[in-house]
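Subject: Structure handover

Hello,

Here is the structure for you to look over. Please open it alongside this email.

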Amino acid sequence: MHELIDKIQNTSETPISTLTLPLEHRQKSRQRVVLDNGDDAGIFLRRGTVLFNNDLLISKEEKIVRVLAADELLSVVTCADPLLFARACYHLGNRHMPLQIEKDTFYYLHDHVLDGMLCGMGLIVAQISAPFEPESGAYVRGVAKHNHEH
């Protein structure tokens, strides 16, 4: 079993495998997983570490694994009206819903109640299956990542 113990920055080493996880599991710092090549592994990261698509993890044996964001059922909202877009994001943020925000479009993990609320505001909501990479907050990426020299 590989013990994945740290996130690292770019490396010239080729990853031994990938690890595809949904958002819920990319937020857990301690868990057992199965790599995409079938190998068993354990994640033992510092508490509060969040894994993002294409992050690299290193094992005690200095083996590299690339993290991939799994496809998940998402609600997608596209809106050309900046005020309505901001209002919708505000209401979802007020409910502590993680959002992936892009120009004129935002995504959240599918929830039919929230879909109904947004439709009631005049927005059109659709569903897609895609990787979910929500906003990490003002501090998460800068604090969680660091260089790991070998």
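This is a predicted model: local features need pLDDT of at least 70, side-chain atom pairs count only at pLDDT 80 or more; totals for chains, interfaces and linings use all residues.

**Nonpolar cores**

The largest nonpolar core has 15 residues. Val77, Leu92, Phe106, Tyr108, Leu118 and Leu123 have the most contacts inside it. Helix 2, strand 9 and helix 3 (112-120) are the elements that give two or more residues to this core. Helix 2 gives the most, with 5 residues.

Take a look at tyrosine 108.

**Aromatic pairs**

The count of aromatic pairs is 2. Phenylalanine 85 and phenylalanine 106 make an edge-to-face pair, because their ring planes stand at 75° with the centres 5.4 Å apart. Phenylalanine 85 sits in helix 2 (residues 82-94) and phenylalanine 106 in strand 9 (residues 105-109), so this pair ties together parts 21 residues apart in sequence. Both phenylalanines are buried. Ring pairs link Phe85, Phe106 and Tyr108 into a cluster. Phe106 and Tyr108 are also on the list of residues with the most contacts in the largest core.

**Salt bridges**

Side chains of opposite charge can pair when their charged atoms come close. The whole structure holds 4 salt bridges. Here are some of them.

Lysine 60 pairs with glutamate 3, with the closest N and O atoms 3.0 Å apart. Lysine 60 is in the loop between strand 5 (56-59) and strand 6 (64-69), and glutamate 3 is in strand 1, 57 residues apart. Lysine 60 counts as exposed, because its relative accessibility is 53%. Glutamate 3 is at 27%, so it counts as partly exposed.

Lysine 7 forms a salt bridge with aspartate 55; their closest N and O atoms are 3.1 Å apart. Lysine 7 belongs to strand 1 and aspartate 55 to the loop between strand 4 (40-44) and strand 5, so the bridge ties together parts 48 residues apart in sequence. Are these two partners buried or exposed? Lysine 7 has 4% relative accessibility, so it counts as buried. Aspartate 55 is at 5% and therefore counts as buried too.

Glutamate 133 meets arginine 26 in a salt bridge at 2.5 Å, N to O. Glutamate 133 lies in the loop between strand 10 (125-131) and helix 4 (140-144), while arginine 26 lies in helix 1 (residues 23-26), so the pair ties together parts 107 residues apart in sequence. Glutamate 133 is partly exposed, because its relative accessible area is 22%. Arginine 26 has a relative accessible area of 1%, so it is buried.

**Surface patch**

Which residues form a nonpolar patch on the surface? They are Met1, Ile5 and Phe44, with about 260 Å² of accessible area together. Isoleucine 5 is in strand 1 (residues 2-8). Its relative accessibility is 34%, so isoleucine 5 counts as partly exposed.

Best regards

Methods. Residues are numbered from 1 along each chain as its sequence is written. Side-chain values use heavy atoms; hydrogens and water are left out. Patches are made of residues with over 30% relative accessible area and no salt bridge: like charges are joined within 9 Å, nonpolar side chains (Val, Leu, Ile, Met, Phe, Trp, Tyr) within 5 Å. Accessible areas come from the Shrake-Rupley method with a 1.4 Å probe; for residues, only the protein chains shown count as cover. A salt bridge is a side-chain nitrogen of Lys or Arg within 4 Å of a carboxyl oxygen of Asp or Glu. Helices (H or I, at least four residues) and strands (E, at least two) are DSSP runs, numbered from the N terminus. Buried means under 20% relative accessible area, exposed over 50%, partly exposed in between (1.4 Å probe, protein chains only). Rings of Phe, Tyr and Trp (its six-membered ring) pair if their centres lie within 6.5 Å; planes under 30 degrees apart count as stacked, over 60 as edge-to-face and the rest as tilted. A nonpolar core is a set of buried Ala, Val, Leu, Ile, Met, Phe, Trp, Tyr and Cys residues joined through side-chain atoms within 4.5 Å.
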